[in-house]
Amino acid sequence: MNMIRLTIDNKEITTPKGFTILEAAKNTGIIIPTLCYHERLNPIGSCRLCVVEVDGQSEPVTACTTPVEDGMSVATQSDRLFHMRQDALKLILANHPLDCPVCDKAGACMLQDLTVEYGIKSIDCQVPKRKFTSAYHTSFIKHWPERCILCQRCVNACKEIQNIGALDIENTEDGPQLSFNRDKCVSCGECVQVCPVGGMLENKSSFRWRSWETTRIRTTCPYCGVGCQQLLHVKNGKIVQVTGVDDAEPNKGSLCVKGRYGFDFIHSPERLTTPLIKVNGKFRPASWDEALSLVADRLGEIKTTHGPDSIGVLSSARITNEENYIANKFTRAVLKTNNIDHCARLCHASTVAGLAASFGSGAMTNPIGDFEKADVILITGSNTTETHPVLSTFIKRTAMKKTAKLIVVDPRRISMTGFADMWLRQNLGTDVAWINGMMHVIIEEGLYDKAFVENRTVGFDELKQVVEKYTPEFVEAITGIPTQDLIDAARLYAGAKAGSILYCMGITQHSTGTDNVKSLANLAMLCGNLGIEGGGVNPLRGQNNVQGACDMGALPNVYSGYQSVTDAAARSRMEKAWGVSGLPDKIGLKATEMIPKAHSGELKALYIIGENPLVSDPDLNHAEKSIANLDFLVVQDIFMTETAKQADVVLPSRCFAEKDGTFTNTERKVLRVRKAVDPPGEAWDDWKITCEIATRMGHAMSYENSRAIMEEISRVTPSYAGISYSRIENDGIHWPCPDATHPGTPILHKDKFPIGKGVFFGIEYIPPAEQTTEDYPLYLTTGRVLYQYHTGTMTMKTEGLNERAPECFVEISSNDAGKIGLSEGNKVDIASRRGIITTVIKVSEMAVDGTVFIPFHFAQAAANRLTNAALDPIAKIPEYKVCAVRLSKAA
């Protein structure tokens, strides 16, 4: 980095060439006042407050837009500058209402602070009064035009950080005005986050609190797997606002609409507050002692009568690492079964299986920040802007800045295709074919990384032999991807110095999901894109702690840290650590095996923690019959979910804002979760509930707090051995972290793979398990929408989110809608071989002819009544992404 010397306020400093005066001063601790400047935005220079004097120049210059020069001498303070800044502030204040007593920004307003600092007692400048257009508002955001100072922070943040462009400055006959594009706005609140005054405020918070009345608690977002850092603003024991942590990774202040505004569920009157026991088909309140004793007695009876393997435990991706670890310990040390699983089975089980086979580790290889260091990014099976909105901004920024080329492979015209250099639109369920086709081109043209393949992999000859027949023409016949497009995409990816692959459940939720994942691993290894900045194979985890739940052993085949239950040495270590003997050595039932076993009567009891399988499982009609066949069902949750309604005992637990602990985000970073408010009624921590059941079953499990549990986790989990609360107080650590001095491992596989060398697998294309027929002529695929989450238990408690996504719909192309005689808003029956639902038609350019899309959030028209329970033979993940359906007008 080229460095230059200059003087600021008679202090000689050294600073990188290319810095502005403002940046150089800030790095030295010299404060220059600003209103329009924001460190994440390009300089604006609109407020004129950062003026400084430079020797040799007759007029002051704006520090935020003036680059430093070698030998430059700068003065940031003088009488002249003081009066210029006063005048600039007066010009702003002349059109600014003095309504601080009723403005939500009072006490946290930069204009207020500067007015005090510069001693402005009256406004003696005469300027024309501005006229204002009508204010813009959404369910969550309100623009106050009379308070707006036209600094352009919000406009630039929307363009440069979010890459949405819903805001602009428009010159009108009444002067410059802020304009809005309602169709583009997603209510992410970035404009509110960066507004220095009260021009952009939250629509839901007016007059409910003042900034000095709140306490701010930093925690980790409870929604998707990005792990955004939040501040929970608490007044009188209630959370009244959520903001992003400006200087924290990975989000740097950004949040999505759910993370910023979807917190009403915390204080919902529908929260469970006391244990419930079902008697004669109806629930009655019970004491904790009665409910826990009943659960312990019934589980003990079933274990004794039918054996340990007649009981299953479903843990949760939404509870903490500490709580998942306790669930894993309880299942194995107390119940003496390995029948434990969680929702990863339904989303990323094929990732764990596929990447573990290829690399030796089934997790994201690179940190989120690496997306901005890639030369080429390949996205497939991920509607990133809706499922991982904050992470998507990293990719959109690289595309907009042209620092990376973007390839999107997706059957729908998702938003990300608008940023892509190439969009390949494949037929559903043909991923192995197009990946093999790209590898065929790369090998045929000698574009692969020969040194990496030779030195760090095995199995290349087998791969080469299999992909030989996958010529672009052969692949086009299977996938529908034009021959030349496939060739161009292969050349583009292979030509990158650093190529990143990013995928989600469009790859994993197939009966060939593990094959899909292995194929992507093949492609990355072929081009040497492992162990480098900007490279990697990066599965995006869909829930806040799905990575952590896997890490903590909420899986039927491993203890915490992926230590195999079939490894005698690992069992011996865990027996010693837990003070037990006879840990089971047989791999347990997966979640997708438990439900059929319940149907057949082999599984007698289920203990479900924070999961709602009666909305999230495939083939719901069958799942409902299976759950009803259990002898005993315990559900531990924060709401009376569809599954909880069927339980014999319901135990009320605490949500993320009411507990301490950790989540592990999609990039393997262990992050703190902190208690901000008290729980409703008698709700307990999930770990405490499970420990109390264990103790009543004869195995004392007692911990002072979550910190004590993490200390045990670090003792028995090699990849977490160096992680402690004190080390992650300010920032998280990426596992593996083998000791207390280790900095963590943001990038995996730098020098070698955990299994030594990466393994190529020659994989043949296998069609989806279900094909269209004359009776079922359309394919159905399922997924998420931006404004709802999972089965809606949290998001549907926020009115504004329900306004944006109020009900289920079926997305269909205009051609297919026309063939059936349907139009926008029509009620329609959708039937598969397993069930039927009724919803409304949404004609969309996102849809491809022959395929319809339904979001899975809505229990009232549950998409999973239609989906196919056909399983991947290795990971046992259901094929949510492909099934055959027919549509007809509803009666």
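## Close-up views of a predicted model

View 1. A search of the whole structure finds 0 disulfides, a disulfide being a pair of cysteine sulfur atoms within 2.5 Å. Cys64 is in no disulfide, and the nearest cysteine sulfur, that of Cys50, is 3.8 Å away. The sulfur of Cys103 is 6.5 Å from the closest cysteine sulfur, in Cys109, which is too far for a bond. Cys64 counts as buried because its relative accessibility is 1%, and Cys103 counts as buried at 8%, where buried means under 20% relative accessible area with a 1.4 Å probe and protein chains only. This is a predicted model, in which local features need pLDDT of at least 70 and side-chain atom pairs count only at pLDDT 80 or more, while totals for chains, interfaces and linings use all residues. Residues are numbered from 1 along each chain as its sequence is written, and side-chain values use heavy atoms, with hydrogens and water left out.

View 2. The open sheet has 5 strands in the order β2-β1-β5-β3-β4, with mixed pairing; strands are DSSP runs (E, at least two residues), helices are DSSP runs (H or I, at least four), both numbered from the N terminus, and two strands pair if DSSP finds at least two bridges between them. The edge strands, β2 (11-16) and β4 (61-62), each pair on one side only. Strand β3 (residues 51-54) and strand β5 (residues 73-75) pair in the antiparallel sense over 2 bridges, and Glu53 has Ala75 in β5 as its bridge partner.

View 3. Helix α10 (residues 349-358) is largely enclosed by the rest of the structure, because 7 of its 10 residues are buried. The buried residues in α10 are Ala349, Ser350, Thr351, Val352, Gly354, Leu355 and Ser358. Just after α10, Gly360 takes a positive phi of about 95 degrees.

**View 4. The largest cavity.** The largest cavity has a volume of about 350 Å³, where a cavity is a set of points, on a 1 Å grid over the protein atoms alone, at which a 1.4 Å probe fits but cannot get out, and lining residues have an atom within 4 Å of a point; the volume is the space filled by probe spheres set on the points, which are joined across faces, edges and corners. Of the 27 residues that line the largest cavity, Gly381, Asp410, Gly506, Thr782 and Lys881 are the closest to its centre. β30 gives the most to this lining, with 3 residues.

Notes:
Buried < 20%, exposed > 50% of the residue type's maximum accessible area, 1.4 Å probe, protein only. 1 Å grid on protein atoms, 1.4 Å probe; cavity = no way out; pocket = protein on both sides within 12 Å on 5 of 7 lines; lining within 4 Å.
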